[in-house]
Amino acid sequence: MTGFSSAWLKLREAADHRSRNSDLAEALSARFQQREKVSVTDIGCGTGSNLRGMYDLLPEAQVWTLVDYDAGLLQSARTELCAWADKVSEAGDKLFLERGRRRIEVAFRQADLAADLDHALGNPSDLVTAAAFFDLASEAFMGRFAQAVAKRRAVFYTVLTYNGISRFEPHHPADNAVIAAFHRHQLTDKGFGVAAGPTAPSALFDCLQMAGFSVQEGDSPWVLGPADQMLMDEIQSGHAAAVAEIGGVDAASLKTWAARKLTGVTVGHTDTFAVAC
Ligand SMILES: C[S@@+](CC[C@H](N)C(=O)[O-])C[C@H]1O[C@@H](n2cnc3c(N)ncnc32)[C@H](O)[C@@H]1O
């Protein structure tokens with residue numbers, strides 16, 4: 001397992017939501033504007049941030065299936081969504097939420113996308129979505145995934161795929177070496193074979209096109225400053241831990257790199273929207 005903590009996902013949620021590319025969000029919204037109801041499958045859902053980040057782009061009646069292989073995160077998703085909604089009722093495993101004018105039915109599915117993609121995706125839905133997920137995946141998985149989404153005739157929308165741009169302020173002489181080592185760590189297997197890491201957006205674009213989709217992309221960088229100090233600190237310690245594991249930066253340089261107080265961080269992401277041609 002990749003082992004994402006609910007604390008980390010909570011810490012990044014506000015930055016994730018404000019960073020989404022507004023042109024692609026509008027394209028998604030326009031796509032379903034005439035519909036009264038939409039069904040959505042969110043893969044690698046974590047604690048449900050993607051639902052909270054996009055429910056207001058979709059029609060009033062929504063039926064979501066949240067998919068993750070981590071039972072603890074699925075339980076956190078249930079708890080967080082109940083706290084977020086204006087009104088909640090439950091029937092069996094399902095939640096029925098109201099938030100503003102939206103009525104949102106939510107089911108949870110524990111499934112490993114790498115081991116059984118068909119089971120994880122389940123019955124066709126109108127929209128398959130993901131957030132902060134595809135840089136973990138391999139290009140081979142993306143190929144299978146794109147074909148599976150095409151077979152289900154679904155629209156596809158994913159946000160916040162890391163695209164290799166990292167900048168830290170103030171500058172440190174080891175920045176380039178740390179970023180290069182971090183990218184090597186990103187390519188290690190996260191359960192799908194060699195991960196695409198910083199090349200994920202272009203690999204995903206190609207796989208979707210080959211599966212017959214028309215694909216649009218947009219930037220969605222995290223641009224962080226002093227108001228995001230805890231998130232910047234966590235990014236800094238996460239980079240330092242990954243680099244210490246993969247090697248390539250001497251210990252003394254890495255120590256001073258990790259010790260300086262950051263005043264700004266930019267992390268490049270790409271959002272992707274795809275509809276069948
Ligand atoms: C970076 S987190 C993003 C979570 C959430 N989408 C968000 O935006 O906060 C990646 C998520 O993918 C899930 N994941 C990773 N590999 C998976 C797999 N093989 N099958 C199902 N879920 C997986 C993790 O458990 C985690 O919840």
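Student: Which space is taken by the ligand in this model?
Tutor: The model is predicted. In it, the ligand takes up the largest pocket.

Student: How much space lies in the largest pocket, and how many residues line it?
Tutor: The space is about 1,200 Å³. The lining has 48 residues. Phe 4, Trp 8, Arg 12, Ala 132 and Leu 136 lie nearest the centre.

Student: What makes a residue a lining residue?
Tutor: An atom within 4 Å of a pocket point. Trp 8 is in the lining, so it has such an atom.

Student: Which elements give two or more residues to that lining?
Tutor: They are α1, α3, β7, α7, α9 and β10. The top contributor is α9, with 6 residues.

Student: How is the lining of the largest pocket made up by class?
Tutor: There are 21 nonpolar, 17 polar and 10 charged residues. Arg 12 is a lining residue. Arg counts as charged, so Arg 12 belongs to that class.

Student: Which residues are closest to the ligand?
Tutor: Gly 44, Asp 68, Asp 112, Leu 113 and Ala 131. They belong to a shell of 20 residues. By class, that shell has 13 nonpolar, 4 polar and 3 charged residues.

Student: What of the backbone atoms of Gly 46 and Tyr 69?
Tutor: A backbone N or O atom of Gly 46 lies 3.4 Å from a ligand oxygen. For Tyr 69, a backbone N or O atom lies 3.4 Å from a ligand nitrogen. Both pairs are within 3.5 Å, so both count. The protein covers 98% of the 590 Å² of accessible area that the ligand has on its own.

Student: What marks the backbone at Ala 132?
Tutor: Its phi is near 50 degrees, a positive value in a residue other than glycine. Ala 132 lies in the loop between β6 and α6.

Technical notes:
Residues numbered from 1 in each chain as written. Predicted model: local features only at pLDDT ≥ 70, side-chain atom pairs only at ≥ 80, totals over all residues. Heavy atoms only, no water. 1 Å grid on protein atoms, 1.4 Å probe; cavity = no way out; pocket = protein on both sides within 12 Å on 5 of 7 lines; lining within 4 Å. Points joined across faces, edges and corners; volume = space filled by probe spheres on them. Helix = DSSP H or I, 4+ residues; strand = E, 2+ residues; numbered from the N terminus. Near = heavy atom within 4 Å. Polar contact = N/O pair within 3.5 Å; in protein donor to acceptor, adjacent residues only side chain to side chain. Areas by Shrake-Rupley, 256 points an atom, 1.4 Å probe, with all protein chains shown as cover. Sits in = over half its atoms within 2 Å of the grid points.
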